[in-house]
Structure formats: C-alpha cells, structure tokens
Amino acid sequence: MSARVTVASNIHGAMTDVRGRYAISGSNFELTSDGSVRSGGPGEQASALDLLVASLVSCALNAFRQDFVEDGQPDRHVEIFARVERRVDGDYLGTLILECFIDGVDTATADELVAEYKQRCRIYNALKESLPVVFVPHTSDAAGR
Amino acid sequence: MRQGADVERPTRAASLIDAAEAIVRFDELRFVEVAPWRAMASGPDSTTGSIPGAIAASIAVDFSGEQTPTSGHLPLPPAEALHDLVRRWGADDGRQIVVYTRRIEEFSSATRAWFTLGWARAADALILDGGLPAWVRAAGPIEDTPAERADGPGGTPASGGVQRTGRPLAEPSAFVALSAAELLDRASWGTVLDARPADVHQGFVDEPRSGHVPHAVHAPTESLLTEDGLVRSDIELRKWFLARGALGAHDVGAYCGGGVASTTIVFAAALIDQPVGLYVDSWSAWQRDESLPVERGTRLTRSNLIDADCS
C-alpha cells in the first residue's frame, strides 16, 4: 500500500450570530446545523445526528441509482426515507431504518443492491456496530394495491 | 417491523373493497349509506337513487354520542348503541357490512363509521373504495328509491366479539380512541397529525386559542385519495406517512375539528399496518380547555423532551 496521503473530506465549522447555530462549509457548499434545545441551541436546523443519517442516505441514494445498471441504460429513480428509532430511555444512538423506494427493480435486485452497499460503503462499515442499519426496500414487484 | 404480530390488525383486503368486487359479492354484503354531519360537497349530486337495499345511516344520528361540557362536538356513542344499531341492520344474517358515501368529498364519513363500528367491536366493516360514484362507474345496480333507515326492533343479539361470518373482530388496540392527555403525550414523544385546513392549523393572531397541538404535523387528508376518490396504493400511502414522520414503532395520533376527517388518516394507516390513535374530541374540545397548550405558526417544532442529542 502506498504511504502517500490524500484528503477525502475538508469541512470548516464556525459559530454564527445565533447561539447554538453553526455554519458548516466545504469548498462549494454551506450547511446550517443547530444544537438541540436541550443543549441551549435553537433545535431547528439539521442536528449532528441528522447530518450523520444524511451521510448514509446520500451514499445509499448514489449506490442504488447506478449499481448494476448496464452501460447506456438510464439511472434508476430512488427515494429514501430515513429515521432513527430509539427507546425513550435509551442512552445509545438508536437503530437507523432506511425505507428505500427503488423504481424499476424486483425484490431480488433490491436485495443485491443492499448487499453491495453494505459491502462497499465505508461509512456504513465504520458505523454499523454502533448504529445498526435496517434496510426496508420497496420495489416494483411488491408495489401496488 | 412492528411488534405485536399476534394482534389482528385491519389490512387493505379486510377493510377496503373495490366496486367491481362488491358488485360480484353483492348478495354476501349489506350496504350502509352514511350521510355526513354537514354538507361537504358543492353542487348537485350527480347520482339519483342508491345501491339496492342499502340502509341509510348518518354521522350525527348513528355514529356520534351526546355532547358533554368537556367533549368535542361529535363524541363517540356508547358501544352498546352501536351493537343495537348493527342488530337493527340485521347483522345475524351473516352478510358483511359495507359502508359508503354518496360523494367522494364525504369519504371521511365512511371512515368515521368504520372506526366507530370497530372501536365498539360491533362490526368489521368494509369501506367501498370510491363510494357511490365508483359503484356507478363500475355499472353497479342502482334503484330509484333512496336508502332507508332500519329503525325497527332488533334481531338476535350477536355473540360477543364475533360476527356470524366467523371472522373474529380486530382487536381493540387496532381502534384506539385517545384522551387529550394521551394525545399530548404522543405529540411530545411520537408524532401527531392534524387533518384540519392550513389556516386553522396555523392559527390566527387575534384568536389566542387558535392554532394546533404543539409539535403537530399539518396533514390534510385530500392527498390520501386520487381525483376519483379512490384510496391511494400502499406504496403511496407509505410515502405519505413516512414524509410526515408518522410511520414507525413510535406512537402516532391524529385529530381534526370534530373527529371525522382524522378517521381517514387512521383508516389509511391501518391499510399499511401502522396503528394511529384517534383523538375523537379533537380541536372542538382542545380549544375550550384552557389548561391545554396551543401552538401557532407553520414551522414544525420538535419536542425538547426527546433527547436527540448525540452526546
């Protein structure tokens, strides 16, 4: 393995004029993130947990859009609804449930897409022990009345 | 993913029947035409007559009880009254009850009837998808005379909890009526859906008790139905509830003005196996109780009882 190092992500975090609200920026984007009301922040914009979930959603959208799509074929349309469920008295992060609506695939293909994602996504593999992820795919052959 | 797999919850096939199937099964079914408690559709009714043999019922007379100083304006009737009603309809002949409305705008009256009958464990009613207009489009038979009420003496009392068709009624936990305290708890720890129009949900500056239950999600029910008044597919319903944070293992509740429109939310959720409790008294009671909190505006707020912190 080469000893050379590169930078995979570069983020800047800064305070804003609003207590508990932060500007999170990269080279070509800026996000706003809030501390919770419990911690003294506004609790309106994306929380730290929201951003963590968003990272997995973004990666899954990108994977399901194109994995196993044959050359020359259009990308798939994918929509994901994600939630973190936790017991009310739990002191752990929770379980992440990703409900994935993937157009144009059958159940078997959806399962293959999920398996491929779990194998390849570095973020998923870094987090999976502390944030279990449950995939709930919804596909063409299971859809309808 | 839901717990309690031993509880028999309503499913699409057990709760909704399309017009084509209802026509084929006509002799096995008992049709009940439910009139709304107030005018909900504009313009003349395009259909004259009714489904042959249909029984007339109404939200105001049959599916609402007497108001009290603390109730909403359409409280639930006593459960015994629903059992008596079903007996008057001739429930002991084994035919399954199908409730429907004349106009698609009145669909919530059918879901209110469905909920009330299920809550009282009086009957597992089906709802005719698309109502009378769908029946007419499917070339179902129509007789010229209007549906009539069945206010004669009751028949043989039904055996407890079981319709003569032999199918057990859904467990009471599938039809949950919430108190104000229970709704507030769900708003704090789960998700509460408000089915009222946007302006009343938002509230008015000059009306202190206008607005919504704190943290309630605005969820008008029109988008649960197609333009033809048909219930949307399971996939579309699932997306609807997911988009509003109302699908999952957490507690979900629904309310409206008087406990009618929000039954459409409860019904649609039941089709995809998502329990939703109904605050029957709804805003008509909440507004009057000065001890209950009111929130105004359109911005969705999060309960700070929920620890969503990462540390």
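Reply: Start at A:Tyr22, whose bridge partner in strand E3 of chain A is A:Ser33. Keep in mind as we go that this is a predicted model. The bridge belongs to a pairing between strand E2 (residues 21-25) and strand E3 (residues 30-34) of chain A, which run antiparallel and are joined by 5 bridges. To get from E2(A) to E3(A), the chain makes a hairpin through 4 residues.

Chain A has 3 helices and 6 strands, and from the N terminus on they come in the order β-β-β-α-β-β-α-α-β. If you draw a box along the principal axes, the C-alpha atoms of chain A fill roughly 50 × 45 × 30 Å. Of the 145 residues in chain A, 34% are buried.

How many of its 8 residues are buried? The count is 7, so the strand is mostly covered; buried here means under 20% relative accessible area. E5(A) also has partners to talk about. Strand E4 (residues 78-85) of chain A pairs with E5(A) in the antiparallel sense, over 8 bridges.

Now hop over to chain B, which has a sheet of its own to show you. It is an open one, with 4 strands in the order E7-E6-E8-E9 and parallel pairing. Its edge strands are E7 (217-218) and E9 (277-278) of chain B, each pairing on one side only. At the E7 end, 2 bridges join strand E6 (residues 191-194) of chain B to E7(B), and the two run parallel. One bridge to pick out there is B:Leu193 with B:Val217 in E7(B).

Next, the aromatic rings. Over all chains, a search of the whole structure turns up 17 aromatic pairs. One of them is B:Phe107 with B:Phe267, an edge-to-face pair at 6.2 Å centre to centre with 70° between the planes. B:Phe107 lies in helix H5 (residues 107-119) of chain B and B:Phe267 in helix H10 (residues 261-271) of chain B, so this pair ties together parts that are 160 residues apart in sequence. Both are tucked away: B:Phe107 is buried at a relative accessible area of 6%, and B:Phe267 is buried at 1%.

B:Phe267 also forms an edge-to-face pair with B:Trp114, at 4.9 Å centre to centre and 85° between the planes. Again the pair links distant parts of the chain, with B:Trp114 in helix H5 of chain B and B:Phe267 in helix H10 of chain B, 153 residues apart. B:Trp114 is buried too, with a relative accessible area of 2%.

What does H10(B) do with helix H9 (residues 234-243) of chain B? Their axes come within 9 Å and cross at roughly 120°, which makes H9(B) oblique to H10(B). The crossing is left-handed.

Aromatic rings in chain B also meet charges. B:Arg244 lies over the face of B:Trp240, at 4.1 Å from the ring centre. Elsewhere, B:Arg196 has its charged end over the ring of B:Trp283, 4.5 Å from the centre.

For a last stop, go to a loop. B:Thr48 sits between strand E2 (29-35) and strand E3 (55-58) of chain B. Is B:Thr48 buried or exposed? It is exposed, with a relative accessible area of 64%. Its C-alpha atom is 9.7 Å from that of B:Arg102, a residue 54 positions away along the chain.

Notes
Residues numbered from 1 in each chain as written. Chains lettered and ligands numbered in written order. Predicted model: local features only at pLDDT ≥ 70, side-chain atom pairs only at ≥ 80, totals over all residues. Heavy atoms only, no water. Buried < 20%, exposed > 50% of the residue type's maximum accessible area, 1.4 Å probe, protein only. Pairing = 2+ DSSP bridges. Phe/Tyr/Trp six-rings, centres within 6.5 Å; stacked < 30°, edge-to-face > 60°. Lys NZ or Arg CZ within 6 Å of the ring centre and 35° of its normal. Axes fitted to C-alpha atoms, helices over the stretch in contact; angles between N-to-C directions. Parallel < 35°, antiparallel > 145°, perpendicular 65-115°, else oblique. Left-handed = near helix turned anticlockwise from the far one by under 90°.
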